[in-house]
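Please look through the sequence and the model below before reading the notes that follow.

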Amino acid sequence: MVRVTVLGSGDAFGAGGRLHSAYLVEAPGVTFLLDCGPSILQALKRLGSDPGALDFVLLSHHHGDHFGGVPFLFMEFRYQQHRTRPFTVYGPAGTERRVQNLFAALYEQNASESLPFPVRYEELRPGVERAVGDVRVRPFAVPHVQELVTLGFRVEVGGRAIVYSGDSAWTEEFVTQTRGADLFLCECSTYETRLAIHVSYPEIAARAADLGCRRLVITHLGDEPLRRLGELTLECARDGMTLDL
Ligand SMILES: [Zn+2]
Ligand SMILES: [Zn+2]
């Protein structure tokens with residue numbers, strides 16, 4: 001069985017008190033994160049989930065609500081877990097520099113010392129599939145902000161396919177990537193407001209029938225969709241929700 005746990009279903013602004021973006025994927029022999037927002041430790045510990053079980057993280061892009069938790073994982077691994085096994089951070093070009101700069105800003109002394117476990121960084125490029133052990137990772141480019149390469153992921157693990165939008169405006173790429181997928185976690189930041197950098201509820205609702213996934217769950221929910229939660233017909237993520245595939 002593959003289990004996806006929504007650790008944080010909120011937007012950058014913590015709408016509705018929801019935590020920042022992170023999704024825990026547990027499959028036979030491997031445990032990893034899709035994104036790692038700054039509330040990662042609170043999210044895992046609320047659920048009684050051991051941060052030490054994490055093998056690696058896939059980062060969609062370098063916005064704080066998606067990657068700001070990595071230094072907190074480092075601190076947890078160093079002081080609470082006494083980790084010795086490697087941890088790998090996968091993300092778009094520039095991931096090592098952004099994470100190291102953030103670590104230095106948050107914990108200057110710790111960042112200047114070597115960690116007691118190897119940290120590896122690997123850059124992912126859109127369209128270049130990567131095998132991470134038994135996990136097949138297919139990053140694809142999504143339209144978000146101009147200044148950052150932003151990735152969505154199609155991940156195949158344990159015989160299941162999970163598609164994650166990252167932060168993105170609506171793109172036909174979602175229709176292509178979700179063909180035959182078991183789960184699509186699609187961001188939906190707004191309802192009335194149309195932005196060139198995020199998906200609004202009417203946009204995803206209008207295209208939901210064209211997606212080839214077995215289950216669509218909208219997430220990264222901002223104030224607007226949360227205000228209308230009772231009237232939304234698409235399945236909405238909430239913090240702590242588990243999705244068994
Ligand atoms: Zn975001
Ligand atoms: Zn973003």
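Two residues are in contact when they have heavy atoms within 4.5 Å of each other. This is a predicted model, in which local features need pLDDT of at least 70 and side-chain atom pairs count only at pLDDT 80 or more, while totals for chains, interfaces and linings use all residues. Side-chain values use heavy atoms, with hydrogens and water left out, residues are numbered from 1 along each chain as its sequence is written, and chains are lettered from A and ligands numbered from 1 in the order in which they are written.

**Nonpolar cores**

- A nonpolar core is a set of buried Ala, Val, Leu, Ile, Met, Phe, Trp, Tyr and Cys residues joined through side-chain atoms within 4.5 Å, where buried means under 20% relative accessible area, exposed over 50%, and partly exposed in between (1.4 Å probe, protein chains only).
- The largest nonpolar core has 29 residues, and those with the most contacts inside it are Leu34 and Leu58.
- Strands (DSSP runs of E, at least two residues, numbered from the N terminus, as are helices, which are runs of H or I with at least four) that each supply at least two residues of this core include β1 (3-8), β3 (30-36) and β9 (151-157).
- The strand that gives the most to this core is β9, with four residues.
- Leaving aside residues up to four places away in sequence, Leu58 touches several residues, among them Phe32, Leu34, Tyr90, Val137 and Phe153.

**The zinc ion (ligand 1)**

- Donors are N, O and S atoms within 2.8 Å of the metal (3.2 Å for Na, K and Ca), and sites may look incomplete because water is not among the atoms.
- Asp65 (OD), His66 (NE2), Asp167 (OD) and His220 (NE2) coordinate the zinc ion (ligand 1) at 2.1 to 2.2 Å.
- Along the chain, these donors follow the spacing D-H-x100-D-x52-H.
- Asp65 counts as buried because its relative accessibility is 8%, and His220 counts as buried because its relative accessibility is 4%.

- His61 is buried, with a relative accessible area of 0%, whereas His63 is partly exposed, with a relative accessible area of 22%.

**The bridge**

- Asp167 coordinates both the zinc ion (ligand 1) and the zinc ion (ligand 2), which are 3.8 Å apart.
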